[in-house]
Amino acid sequence: MEACSEPPLDAKSEVTNQLVDFQWKLGMAVSSDTCRSLKYPYVAVMLKVADHSGQVKTKCFEMTIPQFQNFYRQFKEIAAVIETV
Amino acid sequence: DSMSAVGAAALYLHHPGDSHSGQVGFLGAQLPPEVAAMAQLLGDLNRSTFRKLLKFVVSSLQGEDCREAVQCLGVTANLPEEWLGVLLAGMHTLLQQALHLRSTSLKPNTFRDQLQELCIPQDLVGDLASIVFGSQRPILYSVAQQPGAWLPHVADFQWWVDVTISTSALAHSLQLSVLMQLKLSDGLAYRFEVPIAKFQELWYSMALVLKEMADLEKKCECGLQD
(Lines give C-alpha, C1' and ligand atoms only; values in the text may rest on other atoms or scores of the structure.)
Protein backbone atom coordinates (compact mmCIF):
# COMPACT_ATOMS: atom_id res chain seq x y z
CA MET A 1 0.00 0.00 0.00
CA GLU A 2 1.74 3.13 -1.20
CA ALA A 3 0.64 6.68 -0.64
CA CYS A 4 0.65 9.45 -3.23
CA SER A 5 2.08 7.40 -6.09
CA GLU A 6 0.53 9.81 -8.55
CA PRO A 7 -1.99 12.58 -7.87
CA PRO A 8 -5.24 11.96 -9.72
CA LEU A 9 -6.08 14.38 -12.50
CA ASP A 10 -8.73 16.81 -11.28
CA ALA A 11 -9.19 14.68 -8.19
CA LYS A 12 -11.29 17.25 -6.44
CA SER A 13 -13.74 17.68 -9.29
CA GLU A 14 -14.26 13.91 -9.58
CA VAL A 15 -14.62 13.19 -5.91
CA THR A 16 -18.10 14.15 -4.84
CA ASN A 17 -18.48 11.27 -2.41
CA GLN A 18 -18.02 11.89 1.26
CA LEU A 19 -17.37 9.48 4.08
CA VAL A 20 -20.19 9.78 6.60
CA ASP A 21 -19.70 6.78 8.86
CA PHE A 22 -17.15 4.17 9.74
CA GLN A 23 -18.00 1.05 11.74
CA TRP A 24 -15.63 -1.72 12.67
CA LYS A 25 -15.60 -5.16 14.20
CA LEU A 26 -12.69 -7.13 15.58
CA GLY A 27 -13.49 -10.82 15.28
CA MET A 28 -11.96 -14.23 15.32
CA ALA A 29 -13.08 -17.02 13.03
CA VAL A 30 -13.08 -20.25 15.03
CA SER A 31 -14.49 -22.67 12.50
CA SER A 32 -15.67 -22.83 8.88
CA ASP A 33 -16.98 -25.37 6.40
CA THR A 34 -13.53 -25.58 4.85
CA CYS A 35 -11.52 -25.71 8.05
CA ARG A 36 -12.94 -27.00 11.34
CA SER A 37 -10.40 -25.55 13.70
CA LEU A 38 -9.39 -21.95 12.99
CA LYS A 39 -7.91 -19.21 15.04
CA TYR A 40 -8.13 -16.45 12.48
CA PRO A 41 -8.46 -12.88 13.77
CA TYR A 42 -9.73 -10.20 11.39
CA VAL A 43 -11.04 -6.66 11.34
CA ALA A 44 -14.25 -6.11 9.38
CA VAL A 45 -15.07 -2.56 8.30
CA MET A 46 -18.27 -0.98 7.08
CA LEU A 47 -17.96 2.41 5.39
CA LYS A 48 -20.92 4.65 4.64
CA VAL A 49 -20.28 7.02 1.74
CA ALA A 50 -22.73 9.69 0.60
CA ASP A 51 -22.75 10.90 -2.99
CA HIS A 52 -23.58 14.45 -4.13
CA SER A 53 -27.32 13.72 -4.06
CA GLY A 54 -27.09 12.57 -0.44
CA GLN A 55 -27.68 8.92 -1.23
CA VAL A 56 -25.71 6.75 1.16
CA LYS A 57 -23.94 3.64 -0.07
CA THR A 58 -22.43 1.00 2.20
CA LYS A 59 -19.11 -0.71 1.52
CA CYS A 60 -17.93 -3.67 3.57
CA PHE A 61 -14.57 -5.30 3.60
CA GLU A 62 -12.24 -7.08 5.96
CA MET A 63 -8.56 -7.09 6.76
CA THR A 64 -6.13 -9.52 8.28
CA ILE A 65 -4.30 -8.20 11.34
CA PRO A 66 -1.11 -7.37 9.38
CA GLN A 67 -3.23 -5.58 6.76
CA PHE A 68 -5.01 -3.61 9.47
CA GLN A 69 -1.72 -2.60 11.04
CA ASN A 70 -0.52 -1.42 7.65
CA PHE A 71 -3.78 0.51 7.19
CA TYR A 72 -3.26 2.11 10.59
CA ARG A 73 0.29 3.15 9.64
CA GLN A 74 -1.13 4.94 6.59
CA PHE A 75 -3.54 6.82 8.85
CA LYS A 76 -0.69 7.78 11.13
CA GLU A 77 1.05 9.29 8.10
CA ILE A 78 -2.07 11.19 7.06
CA ALA A 79 -2.45 12.56 10.58
CA ALA A 80 1.18 13.67 10.54
CA VAL A 81 0.73 15.41 7.20
CA ILE A 82 -2.44 17.17 8.39
CA GLU A 83 -0.61 18.46 11.40
CA THR A 84 2.26 19.94 9.44
CA VAL A 85 0.22 21.53 6.66
CA ASP B 1 5.92 -44.87 -11.34
CA SER B 2 2.74 -45.93 -9.54
CA MET B 3 1.17 -42.46 -9.60
CA SER B 4 1.17 -42.03 -13.38
CA ALA B 5 0.16 -45.68 -13.86
CA VAL B 6 -2.96 -45.13 -11.77
CA GLY B 7 -3.64 -41.90 -13.68
CA ALA B 8 -3.32 -43.57 -17.06
CA ALA B 9 -5.55 -46.46 -15.99
CA ALA B 10 -8.26 -44.09 -14.72
CA LEU B 11 -8.20 -42.26 -18.06
CA TYR B 12 -9.02 -45.44 -19.94
CA LEU B 13 -11.43 -46.96 -17.43
CA HIS B 14 -13.42 -43.73 -16.79
CA HIS B 15 -13.70 -43.78 -13.01
CA PRO B 16 -15.34 -40.40 -12.39
CA GLY B 17 -15.69 -40.88 -8.65
CA ASP B 18 -12.04 -41.62 -8.09
CA SER B 19 -10.68 -38.28 -6.90
CA HIS B 20 -7.55 -39.85 -5.49
CA SER B 21 -6.29 -41.06 -8.87
CA GLY B 22 -3.82 -38.16 -8.96
CA GLN B 23 -4.75 -37.45 -12.57
CA VAL B 24 -4.47 -33.71 -12.31
CA GLY B 25 -1.97 -32.32 -9.81
CA PHE B 26 -2.76 -29.52 -7.38
CA LEU B 27 -1.19 -27.09 -9.83
CA GLY B 28 -3.83 -27.85 -12.43
CA ALA B 29 -3.81 -29.53 -15.82
CA GLN B 30 -1.35 -26.99 -17.20
CA LEU B 31 1.67 -26.14 -15.08
CA PRO B 32 1.61 -22.38 -14.37
CA PRO B 33 4.59 -20.88 -16.26
CA GLU B 34 5.78 -18.94 -13.21
CA VAL B 35 6.09 -22.19 -11.24
CA ALA B 36 8.06 -23.83 -14.04
CA ALA B 37 10.36 -20.80 -14.30
CA MET B 38 10.88 -20.73 -10.52
CA ALA B 39 11.71 -24.45 -10.41
CA GLN B 40 14.55 -23.85 -12.84
CA LEU B 41 16.21 -21.30 -10.57
CA LEU B 42 16.01 -23.32 -7.35
CA GLY B 43 18.94 -25.62 -8.00
CA ASP B 44 21.55 -22.88 -7.66
CA LEU B 45 19.72 -20.75 -5.13
CA ASN B 46 21.28 -20.14 -1.73
CA ARG B 47 19.15 -22.05 0.80
CA SER B 48 19.08 -19.31 3.39
CA THR B 49 17.90 -16.86 0.71
CA PHE B 50 15.17 -19.29 -0.31
CA ARG B 51 13.93 -19.61 3.26
CA LYS B 52 13.86 -15.84 3.73
CA LEU B 53 11.94 -15.43 0.46
CA LEU B 54 9.52 -18.14 1.53
CA LYS B 55 8.85 -16.28 4.78
CA PHE B 56 8.01 -13.14 2.79
CA VAL B 57 5.67 -15.03 0.47
CA VAL B 58 3.85 -16.52 3.47
CA SER B 59 3.54 -13.06 5.05
CA SER B 60 2.23 -11.56 1.82
CA LEU B 61 -0.37 -14.35 1.57
CA GLN B 62 -1.64 -13.04 4.89
CA GLY B 63 -1.83 -9.49 3.62
CA GLU B 64 1.47 -8.02 4.80
CA ASP B 65 3.29 -5.57 2.56
CA CYS B 66 6.75 -7.06 2.13
CA ARG B 67 7.87 -5.18 -0.95
CA GLU B 68 10.57 -3.14 0.73
CA ALA B 69 11.91 -6.05 2.75
CA VAL B 70 12.03 -8.22 -0.36
CA GLN B 71 13.96 -5.59 -2.28
CA CYS B 72 16.46 -5.33 0.60
CA LEU B 73 16.89 -9.09 0.54
CA GLY B 74 17.49 -8.98 -3.20
CA VAL B 75 20.30 -6.48 -2.65
CA THR B 76 22.00 -8.22 0.28
CA ALA B 77 21.68 -11.66 -1.33
CA ASN B 78 22.98 -10.30 -4.64
CA LEU B 79 19.95 -11.61 -6.52
CA PRO B 80 19.23 -10.23 -9.98
CA GLU B 81 15.86 -8.47 -9.98
CA GLU B 82 14.43 -10.75 -12.69
CA TRP B 83 15.28 -13.78 -10.54
CA LEU B 84 13.53 -12.18 -7.58
CA GLY B 85 10.38 -11.64 -9.62
CA VAL B 86 10.37 -15.18 -10.99
CA LEU B 87 11.01 -16.76 -7.58
CA LEU B 88 8.31 -14.75 -5.81
CA ALA B 89 5.65 -15.30 -8.48
CA GLY B 90 6.37 -19.02 -8.63
CA MET B 91 6.38 -19.53 -4.87
CA HIS B 92 3.22 -17.47 -4.48
CA THR B 93 1.28 -19.43 -7.11
CA LEU B 94 2.55 -22.76 -5.82
CA LEU B 95 1.47 -22.06 -2.25
CA GLN B 96 -1.84 -20.50 -3.23
CA GLN B 97 -2.73 -23.52 -5.37
CA ALA B 98 -1.74 -25.96 -2.63
CA LEU B 99 -3.90 -24.07 -0.14
CA HIS B 100 -6.91 -23.75 -2.42
CA LEU B 101 -10.29 -25.29 -1.62
CA ARG B 102 -9.91 -27.94 -4.32
CA SER B 103 -6.71 -29.08 -2.62
CA THR B 104 -8.45 -30.05 0.66
CA SER B 105 -7.73 -33.70 0.02
CA LEU B 106 -4.12 -33.05 -0.99
CA LYS B 107 -1.91 -35.35 1.06
CA PRO B 108 1.64 -34.42 2.11
CA ASN B 109 3.13 -37.33 0.14
CA THR B 110 1.24 -36.42 -3.01
CA PHE B 111 2.38 -32.82 -2.61
CA ARG B 112 6.01 -33.87 -2.23
CA ASP B 113 5.81 -36.26 -5.20
CA GLN B 114 4.33 -33.59 -7.45
CA LEU B 115 7.03 -31.12 -6.45
CA GLN B 116 9.74 -33.67 -7.11
CA GLU B 117 8.27 -34.22 -10.56
CA LEU B 118 8.97 -30.53 -11.18
CA CYS B 119 12.62 -31.16 -10.27
CA ILE B 120 12.39 -29.04 -7.14
CA PRO B 121 15.29 -30.01 -4.83
CA GLN B 122 14.40 -32.41 -2.00
CA ASP B 123 15.40 -30.11 0.86
CA LEU B 124 13.31 -27.22 -0.53
CA VAL B 125 10.35 -29.58 -0.98
CA GLY B 126 10.57 -30.14 2.77
CA ASP B 127 10.41 -26.41 3.47
CA LEU B 128 7.40 -25.96 1.20
CA ALA B 129 5.59 -28.94 2.73
CA SER B 130 6.12 -27.58 6.22
CA ILE B 131 4.30 -24.39 5.18
CA VAL B 132 1.37 -26.12 3.47
CA PHE B 133 0.89 -28.80 6.13
CA GLY B 134 2.37 -27.10 9.17
CA SER B 135 0.83 -25.24 12.10
CA GLN B 136 -0.01 -22.18 9.98
CA ARG B 137 -2.22 -24.24 7.66
CA PRO B 138 -5.60 -23.16 9.14
CA ILE B 139 -4.89 -19.45 8.78
CA LEU B 140 -3.20 -19.69 5.38
CA TYR B 141 -5.96 -21.96 4.17
CA SER B 142 -8.76 -19.57 5.10
CA VAL B 143 -6.98 -16.52 3.69
CA ALA B 144 -6.39 -18.32 0.39
CA GLN B 145 -10.10 -19.16 0.05
CA GLN B 146 -11.63 -15.80 -0.85
CA PRO B 147 -14.26 -15.29 -1.85
CA GLY B 148 -16.26 -17.81 0.13
CA ALA B 149 -17.44 -16.90 3.59
CA TRP B 150 -15.17 -13.89 3.59
CA LEU B 151 -15.73 -10.26 2.68
CA PRO B 152 -13.47 -8.68 0.05
CA HIS B 153 -10.05 -7.56 1.23
CA VAL B 154 -8.20 -4.35 0.60
CA ALA B 155 -6.12 -4.74 -2.57
CA ASP B 156 -4.84 -1.18 -2.72
CA PHE B 157 -5.16 1.94 -0.61
CA GLN B 158 -4.13 5.41 -1.77
CA TRP B 159 -4.61 8.76 -0.16
CA TRP B 160 -4.03 12.44 -0.81
CA VAL B 161 -4.12 15.45 1.45
CA ASP B 162 -5.47 18.45 -0.40
CA VAL B 163 -5.40 22.09 0.47
CA THR B 164 -7.96 24.29 -1.17
CA ILE B 165 -6.42 27.71 -1.35
CA SER B 166 -9.32 29.53 -2.79
CA THR B 167 -12.69 28.84 -4.36
CA SER B 168 -15.15 30.88 -6.36
CA ALA B 169 -17.22 31.10 -3.18
CA LEU B 170 -14.48 31.78 -0.66
CA ALA B 171 -11.17 33.49 -1.27
CA HIS B 172 -8.16 32.44 0.85
CA SER B 173 -10.05 29.60 2.50
CA LEU B 174 -7.08 27.22 3.08
CA GLN B 175 -9.30 24.24 3.60
CA LEU B 176 -7.76 20.84 4.27
CA SER B 177 -9.30 17.65 3.02
CA VAL B 178 -8.26 14.04 2.84
CA LEU B 179 -9.04 12.02 -0.28
CA MET B 180 -8.98 8.24 -0.20
CA GLN B 181 -9.09 5.60 -2.86
CA LEU B 182 -9.78 2.05 -1.80
CA LYS B 183 -9.46 -0.86 -4.21
CA LEU B 184 -10.98 -4.12 -2.98
CA SER B 185 -10.14 -7.69 -3.95
CA ASP B 186 -13.50 -8.03 -5.72
CA GLY B 187 -12.26 -5.52 -8.27
CA LEU B 188 -14.34 -2.56 -7.15
CA ALA B 189 -12.73 0.76 -6.34
CA TYR B 190 -14.10 3.56 -4.18
CA ARG B 191 -12.93 7.11 -4.11
CA PHE B 192 -14.19 9.52 -1.49
CA GLU B 193 -13.39 12.57 0.53
CA VAL B 194 -12.95 12.43 4.27
CA PRO B 195 -13.78 15.67 6.07
CA ILE B 196 -11.12 16.47 8.66
CA ALA B 197 -13.50 15.99 11.58
CA LYS B 198 -14.45 12.55 10.21
CA PHE B 199 -10.79 11.71 9.74
CA GLN B 200 -10.09 12.43 13.38
CA GLU B 201 -12.96 10.10 14.33
CA LEU B 202 -11.65 7.39 12.00
CA TRP B 203 -8.14 7.77 13.32
CA TYR B 204 -9.42 7.53 16.89
CA SER B 205 -11.47 4.42 16.01
CA MET B 206 -8.44 2.69 14.58
CA ALA B 207 -6.38 3.40 17.65
CA LEU B 208 -9.26 1.96 19.65
CA VAL B 209 -9.23 -1.23 17.55
CA LEU B 210 -5.53 -1.63 18.24
CA LYS B 211 -6.16 -1.19 21.93
CA GLU B 212 -8.97 -3.77 21.82
CA MET B 213 -6.61 -6.18 20.08
CA ALA B 214 -3.99 -5.72 22.77
CA ASP B 215 -6.59 -6.23 25.54
CA LEU B 216 -7.91 -9.34 23.82
CA GLU B 217 -4.41 -10.71 23.51
CA LYS B 218 -3.84 -10.28 27.22
CA LYS B 219 -7.18 -11.84 28.14
CA CYS B 220 -6.92 -15.00 26.13
CA GLU B 221 -3.21 -15.11 25.35
CA CYS B 222 -4.09 -15.60 21.71
CA GLY B 223 -1.08 -13.92 20.16
CA LEU B 224 -3.06 -11.94 17.56
CA GLN B 225 -0.19 -9.74 16.50
CA ASP B 226 3.23 -10.86 15.36
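About 5600 Å² of area is buried between chain A and chain B, with carbon and sulfur atoms giving 73% of that. Buried area here is the accessible area (1.4 Å probe) that two parts lose on being put together, summed over both. This is a predicted model, where local features need pLDDT of at least 70, side-chain atom pairs count only at pLDDT 80 or more, and totals for chains, interfaces and linings use all residues. Residues are numbered from 1 along each chain as its sequence is written, chains are lettered from A and ligands numbered from 1 in the order in which they are written, and side-chain values use heavy atoms, with hydrogens and water left out.

**Exercise 1.** Describe the side of chain A that touches chain B, by element and by class.

Step 1: start with the contacts. In chain A, 57 residues are in contact (heavy atoms within 4.5 Å) with 55 residues of chain B.

Step 2: look for pairs across the interface. The rule finds 0 salt bridges between chain A and chain B; a salt bridge is a side-chain nitrogen of Lys or Arg within 4 Å of a carboxyl oxygen of Asp or Glu. It does find 6 residue pairs in polar contact, both residues at pLDDT 80 or more. A polar contact is a pair of N or O atoms within 3.5 Å; within protein, one must be able to donate a hydrogen and the other to accept it, and residues adjacent in sequence count only if both atoms are side-chain atoms.

Step 3: name the elements. On chain A, helix H1 (11-14), strands S1 (18-29), S2 (40-50) and S3 (56-64), and helix H2 (65-84) each supply at least two residues of the side that touches chain B. Helices (H or I, at least four residues) and strands (E, at least two) are DSSP runs, numbered from the N terminus. H2(A) gives the largest share of that side, 16 residues.

Step 4: sort by class. The side of chain A that touches chain B has 37 nonpolar, 10 polar and 10 charged residues. Ala, Val, Leu, Ile, Met, Phe, Trp, Tyr, Cys and Pro count as nonpolar, Asp, Glu, Lys and Arg as charged, and the others, Gly among them, as polar.

**Exercise 2.** Work out how S2(B) pairs with S1(B) and with S3(B).

Step 1: take S1 (residues 154-164) of chain B. It runs antiparallel to S2(B), and 10 bridges join the two; strands pair if DSSP finds at least two bridges between them. Here Trp159(B) stands opposite Met180(B) in S2(B).

Step 2: move on to S3. Strand S2 (residues 175-184) of chain B is joined by 6 bridges to strand S3 (residues 189-194) of chain B, again antiparallel. Lys183(B) stands opposite Ala189(B) in S3(B), and Val178(B) has Val194(B) as its bridge partner there.

Step 3: check the turn. The hairpin of S2(B) and S3(B) has 4 residues between the strands, and Gly187(B) takes a positive phi near 95 degrees in it.

Step 4: see how covered S2(B) is. Of its 10 residues, 7 are buried, where buried means under 20% relative accessible area, exposed over 50%, and partly exposed in between (1.4 Å probe, protein chains only).

**Exercise 3.** Which parts of chain B does the salt bridge of Arg47(B) and Asp123(B) tie together?

Step 1: find the pair. The side chains of Arg47(B) and Asp123(B) meet in a salt bridge, 2.7 Å from N to O. Arg47(B) lies in helix H3 of chain B and Asp123(B) in helix H7 (residues 122-132) of chain B, so this pair ties together parts that are 76 residues apart in sequence.

Step 2: check accessibility. Arg47(B) is partly exposed at 24%, and Asp123(B) is partly exposed at 34%.
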